[in-house]
Amino acid sequence: MSTLVQETAPSTYKEGFHDDDIKARHKVPKGASHEVIDYMCDVKGEPDWMRAFRHRSLDLFLKATLPAWMPGLRDIDYDAITYYASPIDKSANKWEDVPEEIRKTYDKLGIAKEEQKMLGGLGAQIDSEMAYHNIQETLAKKGVVFLSCDEGMKQHPEIFKEHFAKSIPPEDNKFAALNSAFWSGGSFVYIPKGVKCDVPLSVYFRINAEQFGQFERTLIVCDDDSFCHYVEGCSAPVYTTNSLHAAVVEIFVKERARCRYTTIQNWSTDVYNLVTKRAFVYGKGIMEWVDGNLGSKRTVKYPSVYMLGEGAHGEVLSLASADKGMWQDAGAKMVFMAPNCTARINSKSISGHGGRASYRGLVQVNPQATNCRVQVNCDALILDASSRSDTYPVMEIDGDLVTVEHEASVSSVSDEQLFYLTSRGIKKEDAVSMIVNGFIEPIVKELPMEFAVEINRLINMQMEGSVG
Amino acid sequence: MTDSLEIIDLHAKIEEREILKGLNLTIRKGEVHAIMGPNGSGKSTLANTIAGNPKYTVTSGEIRMNGENILGMEVDERARKGLFLAFQYPCEVPGVRTSNFLRLACNARAGKELDVMEFYDKLEKKMKHLEINDAFMKRYLNEGFSGGEKKRNEILQMMMLEPEYAVMDETDSGLDIDALKIVSEGVNKLRGPNLGVLIITHYERILRYIKPDFIHILVGGKIVKSGGADLAAHLEEHGYDWITKDVTPTPVSA
């Protein structure tokens with residue numbers, strides 16, 4: 001039986017149901033403790049080095065403080081959260097082998113249908129574990145690896161150990177430490193040298209449990225001259241209590257390789273979404289983050305690109321929509337560590353119904369990074385007087401011959417535009433939606449078709465009635 | 001009266017300033033009227049008030065389209081009923097493709113989803129008339145368009161929407177002579193028994209290419225003189241001074 005929590009679920013959030021049929025087979029007492037870590041390591045059968053890494057990370061988490069600038073996170077009650085819960089015993093690679101009650105949830109979310117689309121692989125995580133992971137045979141034959149991160153550690157220990165926590169060590173920030181202590185699920189992707197994975201690998205993350213912490217960990221290694229596009233979507237039930245999603249995503253783009261990572265995050269408005277995403281890019285490699293933040297109570301996320309090799313390119317396309325009760329603190333970090341690198345940040349945010357959207361960005365050019373170029377554009381659209389938008393750009397330029405361009409704009413839906421469009425017979429609400437969709441179009445056009453359609457749908461729903 | 005756009009004793013203001021002070025005008029289908037007047041006489045206010053721009057308030061009077069008072073109608077409803085305003089300053093709408101916008105507008109005007117192929121066939125033809133190249137349609141609405149391109153886009157919309165009454169607000173301003181000829185030809189093609197046109201202009205120039213049936217002179221928010229096409233030539237020669245002196249004892253402030 002599934003229950004729609006109607007008292008709290010806004011009618012526009014169709015993913016807000018929770019399925020009571022899904023029972024945790026493994027669940028630990030609330031709170032972030034060393035006992036929970038030992039339990040997880042036992043259940044997962046992990047090597048000792050990982051157990052030690054987790055314990056060390058928990059100590060770091062407990063000691064770490066939040067930076068003063070971090071928005072609105074003081075009220076998180078870490079003791080009320082459950083740090084590991086799994087409704088499955090083992091990840092399946094056939095859809096039929098996924099437990100029926102979980103399949104039902106994914107059916108409702110339309111995920112099973114996803115696989116019929118043009119995908120190279122599909123993964124589905126529920127709470128702490130990956131219920132499903134499968135990859136097209138043609139890709140598997142070329143040596144492409146697409147597994148849950150846990151399986152990746154077991155089946156490919158060398159690649160795993162060489163890269164795991166190398167770009168984001170647990171010391172990096174409080175939530176990276178938290179993830180490092182309790183990580184579970186997520187994807188492990190390896191694209192061998194020269195292999196172009198021209199259809200996306202897609203993963204859907206679902207939280208079902210209440211007051212829960214999801215800590216998936218994703219590690220992607222694109223070897224020399226390879227290409228891959230990884231796409232993730234997220235949603236959660238609507239509860240009156242808060243949940244935590246603190247993921248870590250590490251990507252290694254080797255020489256001349258290219259990786260695109262697309263996120264469409266549509267968490268319910270009781271989820272704190274605190275994610276660290278970082279890519280190390282080597283000579284002439286290209287990393288592109290396409291980051292869509294449409295849901296959550298708070299999002300704190302700045303996908304970053306560290307350009308370590310000459311001629312690397314980094315790109316972040318960031319789209320945030322802050323509706324009632326949301327604060328999207330999103331942005332990007334571009335760190336130049338080598339000569340002749342280029343980067344571009346293009347951020348668009350919309351705030352309506354009292355929502356708040358902030359762009360926070362860092363451009364750091366180190367002394368050895370000569371002759372680099374970076375372009376930053378951030379545009380905000382504010383739909384009503386109760387909503388808010390802020391921009392916090394930081395530039396630290398130590399390299400020579402560096403070109404930095406920064407442009408920012410704040411706008412509202414103008415009366416002139418509305419009059420013009422309606423004077424052609426277009427209804428006012430359609431005109432507003434045209435203007436809003438036009439505003440985000442430069443980013444939406446970069447998305448896979450079905451995501452673009454979904455984003456337009458979600459934003460139109462969120463913005464309904466927000467321009468008086 | 002059916003088959004006409006009637007403006008009856010219209011008073012309108014913007015903010016607290018009264019601009020139109022009892023304007024009367026009837027445009028029958030098949031007729032082309034021109035309103036000329038000096039700066040500040042209320043020309044743009046008239047255009048915006050007919051279209052229903054919420055910035056302007058009608059304080060008294062009526063506007064009837066085919067016998068129906070349209071003052072209570074929203075902007076979009078007036079447009080769907082067959083009213084069209086060619087803007088003096090068409091605004092830019094970033095990210096909205098001109099073709100998508102036109103298709104939505106045409107669907108709204110038709111009250112149904114039009115056949116896509118038919119729509120594009122028609123669009124292609126009209127674009128040829130106006131010497132607009134194909135790349136234009138993929139561009140975002142008016143964004144980065146030159147003054148001439150914007151005005152052509154207005155006439156293209158008019159051709160696609162097939163209004164019953166069209167108000168053209170200083171369409172000639174900012175056009176070079178070649179563009180003016182093309183735009184005028186476009187309007188002339190539309191002329192016929194099913195369309196009433198109101199051309200609002202400061203200069204007589206456009207009236208050499210679009211011959212109006214009637215010319216009215218607007219001063220101080222009222223029509224002070226009406227006549228045939230020859231009135232334009234007279235204005236060109238003598239300016240507005242002879243009328244303002246003749247008719248309005250107080251200087252025009254608006």
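Is Arg258(A) buried, partly exposed or exposed, and what is its relative accessible area? In this predicted model, Arg258(A) is partly exposed, with a relative accessible area of 31%.

**Salt bridges in chain A**

- Over all chains, the count of salt bridges comes to 37, and one of them brings together the side chains of Arg258(A) and Glu288(A), with an N to O distance of 3.1 Å.
- This pair links distant parts of the chain, since Arg258(A) belongs to strand 15 (residues 258-265) of chain A and Glu288(A) to strand 17 (residues 286-293) of chain A, 30 residues apart.
- Whereas Arg258(A) is partly exposed at 31%, Glu288(A) has a relative accessibility of 10% and counts as buried, because buried means under 20%.
- A second salt bridge is formed by the side chains of Arg356(A) and Asp390(A), at 3.0 Å from N to O.
- Arg356(A) sits in strand 23 (residues 356-365) of chain A and Asp390(A) in strand 25 (residues 388-397) of chain A, so this pair ties together parts that lie 34 residues apart in sequence.
- Both Arg356(A) and Asp390(A) are buried.

**Salt bridges between the chains**

- Between chain B and chain A there are 3 salt bridges, among them the one that Glu441(A) forms with Arg97(B), where the closest N and O atoms are 3.1 Å apart.
- Another salt bridge joins the side chains of Glu416(A) and Lys55(B), at 3.4 Å from N to O.
- Because Glu416(A) lies in helix 9 (residues 415-422) of chain A, while Lys55(B) lies in the loop between helix 1 and strand 4 (56-65) of chain B, the pair joins two chains.
- Glu416(A) is partly exposed, with a relative accessible area of 42%, and Lys55(B) likewise counts as partly exposed, at 45% relative accessibility.
- Salt bridges that share partners also join Arg258(A), Arg260(A), Glu288(A) and Glu446(A) into one network.

**The contact as a whole**

- The contact takes 33 residues from chain B and 18 residues from chain A, and the two chains bury about 1,900 Å² between them, 67% of it on carbon and sulfur atoms.
- Across this interface there are 11 residue pairs in polar contact, counting pairs with both residues at pLDDT 80 or more.
- On the side of chain B that touches chain A, the elements giving two or more residues include helix 1 (43-51), helix 3 (98-110) and helix 6 (147-161) of chain B.
- The residues of that side of chain B divide into 21 nonpolar, 6 polar and 6 charged.

Methods:
Residues numbered from 1 in each chain as written. Chains lettered and ligands numbered in written order. Predicted model: local features only at pLDDT ≥ 70, side-chain atom pairs only at ≥ 80, totals over all residues. Heavy atoms only, no water. Contact = heavy atoms within 4.5 Å. Buried area = accessible area lost by both parts, 1.4 Å probe. Salt bridge = Lys/Arg side-chain N within 4 Å of Asp/Glu carboxyl O. Polar contact = N/O pair within 3.5 Å; in protein donor to acceptor, adjacent residues only side chain to side chain. Helix = DSSP H or I, 4+ residues; strand = E, 2+ residues; numbered from the N terminus. Nonpolar A, V, L, I, M, F, W, Y, C, P; charged D, E, K, R; others polar. Buried < 20%, exposed > 50% of the residue type's maximum accessible area, 1.4 Å probe, protein only.
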